[in-house]
Structure formats: C-alpha cells, structure tokens
Amino acid sequence: MKLKYQPTEPLKQTPHIVAFLDFLGASEKMRDPKENNKFLQSINYVYSFANYIHKDMKKSYKSNIKIKIFSDNIIIATEIQDTKNIMGYFANIEHFSLLLYMNALLNHNIIRGAISIGNLYMDDTLVYGEALLNAFNGESKIANYPRIIIERTIFDYISKEMLNLCNFLEVDEVIREDIDGELYLNPFWGIALLDGGKSKVEQYLRRNGSFILHEYKKLLAKNKTTVFPKYHWLANQFNEYCHANNHPFLINLDKLTLEGKNE
C-alpha cells in the first residue's frame with residue numbers, strides 16, 4: 001500500500017510559556033500490583049480536575065491555555081500572543097500549576113516540574129519545541145525536590161516597570177528563591193486558590209501534613225534514604241507555610257508526628 005498523504009501546510013512554532021509536570025514515584029507504583037490500580041484512580045482524579053480548571057479558565061478568563069497528558073506527565077502551555085502581557089500569561093501557567101500540585105497532594109501524589117519560555121508547536125497530537133525541551137530538562141535534571149522551578153529567562157521578557165509594579169520577585173508567598181539559587185513556586189500557596197474558608201484550608205493542610213508524614217514513615221520502613229531529602233524539603237515548606245499564615249500545624253520528622261489542632 002502506497003501512502004501519498006502530505007501535510008497541507010508547514011507547521012509553525014510560536015513563543016509559549018510551558019510547564020512540564022511529572023508525578024514522582026510513578027514507575028514504582030505502576031509496577032506494584034498493590035499500588036497500580038490505586039495510582040491510576042488517583043491520577044485520573046487529578047487529570048479530571050485539570051480538565052475542569054482548564055475549561056473554567058477558558059470560560060472565565062478567556063485563557064488560551066492548552067494541556068496535554070501522557071501517563072504520569074502533564075504539559076501546560078500558553079501561546080504568547082501579546083508580548084506586553086507576558087506577566088499575565090505566566091500568571092495563568094503559575095496558577096494552573098499550583099492548583100494541580102495541591103490537588104495531586106490532596107490525592108496522595110507528589111509533583112515535580114519546571115516552567116520555561118520559548119518556541120513551541122502544540123496541537124491535539126503533537127508537541128514539539130525548545131520550550132518543552134527546556135521545561136523537561138528543568139524538571140528532570142534541576143528541580144530535584146518536589147518543587148516547580150521557574151526558568152529565570154522568563155523575567156528577561158518582562159519590563160522592569162512591570163516587575164516593580166507587581167513587586168513580583170519579592171512576593172515571597174508565591175515565588176521564592178531556594179538555597180541553590182533556583183526560583184520556584186511556593187507549593188502550598190496553591191491552597192489559597194482552592195474553594196473554602198479558613199476551616200476548609202486547615203482541613204486540606206491537615207490532610208497534606210498527614211500524607212507527607214505517612215510517606216516518610218514508609219520510606220523509613222523500606223530504608224530508602226536517598227529519597228529522604230525530598231520529604232525533608234516538602235515538610236519544611238509545609239511548616240514554613242503554616243507558620244507564615246498562622247495555621248497550627250507542624251510536621252516533626254524526628255518525632256514522626258504531625259502536631260497541631262485536633263491531632
């Protein structure tokens with residue numbers, strides 16, 4: 001059989017902001033007969049939530065965000081159609097990523113990722129471009145901890161006037177600088193984006209803290225010391241967020257306890 005089909009026109013890459021997110025420990029869970037189906041159901045819930053907020057953002061903010069999901073990987077991209085509004089495009093990707101991070105954590109999964117800027121082509125079938133490559137490399141080679149890092153070159157495209165107006169890099173609640181110099185999204189700030197008042201937020205925090213502690217105890221039982229730093233990092237982020245926002249919770253990895261209200 002001879003195929004003569006040719007694409008009707010050349011594909012065109014355009015500037016995008018892209019987030020590449022990955023579920024940590026997915027390979028191990030997929031291979032574990034006891035965890036396999038449970039993991040499938042939990043990531044399906046997260047993906048359903050991603051589709052929900054995707055539709056909501058398109059409707060409420062006329063967002064041009066596109067998402068692509070493959071197994072335990074999520075690509076979130078937005079085309080830069082107005083170079084004067086790169087801050088707005090970045091904010092959409094930032095908020096989407098934080099909502100997914102928090103929803104994954106509430107469903108007993110941990111995400112790592114990176115946000116990049118550059119040329120990209122993306123349709124219903126194909127994703128291709130330097131922006132994706134940079135985000136993938138950032139997630140797999142630089143992020144290390146369960147954090148979503150931000151490529152600094154994004155801010156090269158945003159005017160100093162706009163950065164000063166938004167006080168962008170000084171907003172410790174959303175964007176932070178880690179001890180290794182990497183910028184990252186404050187992982188628990190996403191909890192402020194979820195529906196509910198203070199009591200609901202503290203319910204979410206209690207669930208998050210219990211999950212982090214539970215996973216750490218499992219690693220102790222299996223003596224997986226190489227993974228300990230990831231959970232130490234996440235527990236410290238949790239404790240810092242609770243302290244800064246006056247929530248009465250503290251993960252103590254030495255005593256293996258979650259201290260706080262109703263504990």
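**Close-ups of a predicted chain**

In strand E3, Ile67 finds its bridge partner in Ile76. The model is predicted, so local features need pLDDT of at least 70 and side-chain atom pairs count only at pLDDT 80 or more, while totals for chains, interfaces and linings use all residues. Residues are numbered from 1 along each chain as its sequence is written, and side-chain values use heavy atoms, with hydrogens and water left out.

**View 1. Strand E3 and its two partners.** Helices (H or I, at least four residues) and strands (E, at least two) are DSSP runs numbered from the N terminus; two strands pair if DSSP finds at least two bridges between them. Strand E2 (residues 66-70) runs antiparallel to E3 over five bridges. The two make a hairpin with two residues between them, and Ser71 in the turn has a positive phi of about 55°. Strand E1 (residues 14-23) also pairs with E3 in the antiparallel sense, over seven bridges, with Ala19 opposite Ile76. Six of the seven residues of E3 (residues 73-79) are buried, so the strand is largely enclosed by the rest of the structure. Here buried means under 20% relative accessible area, exposed over 50%, and partly exposed in between (1.4 Å probe, protein chains only).

**View 2. Ile86 in helix H3.** Helix H3 spans residues 86-106, and Ile86 is buried at 5% relative accessible area. Leaving aside neighbours within four places in sequence, Ile86 is in contact (heavy atoms within 4.5 Å) with Ile17, Ile80, Tyr157 and Ile158. Ile86 and Phe155 are 69 residues apart in sequence, yet their C-alpha atoms are 8.9 Å apart.

View 3. The structure holds nine aromatic pairs. Rings of Phe, Tyr and Trp (its six-membered ring) pair if their centres lie within 6.5 Å; planes under 30 degrees apart count as stacked, over 60 as edge-to-face and the rest as tilted. Tyr145 and Trp233 have ring centres 6.0 Å apart and planes at 5°, so they are stacked. Tyr145 is partly exposed at 27%, whereas Trp233 is buried at 8%. Phe188 and Phe238 go edge-to-face, 5.5 Å centre to centre with 80° between the planes.

View 4. A search of the whole structure turns up eight salt bridges, each a side-chain nitrogen of Lys or Arg within 4 Å of a carboxyl oxygen of Asp or Glu. Glu28 and Lys222 meet at 3.9 Å, N to O. Arg176 counts as buried at 13% relative accessibility, while Glu240 is partly exposed at 38%. Within H6, Glu215 bridges to Lys218 at 3.5 Å between the closest N and O atoms, and these two are three residues apart, about one turn of the helix. Salt bridges with shared partners also join Glu28, Lys222 and Lys224 into one network.
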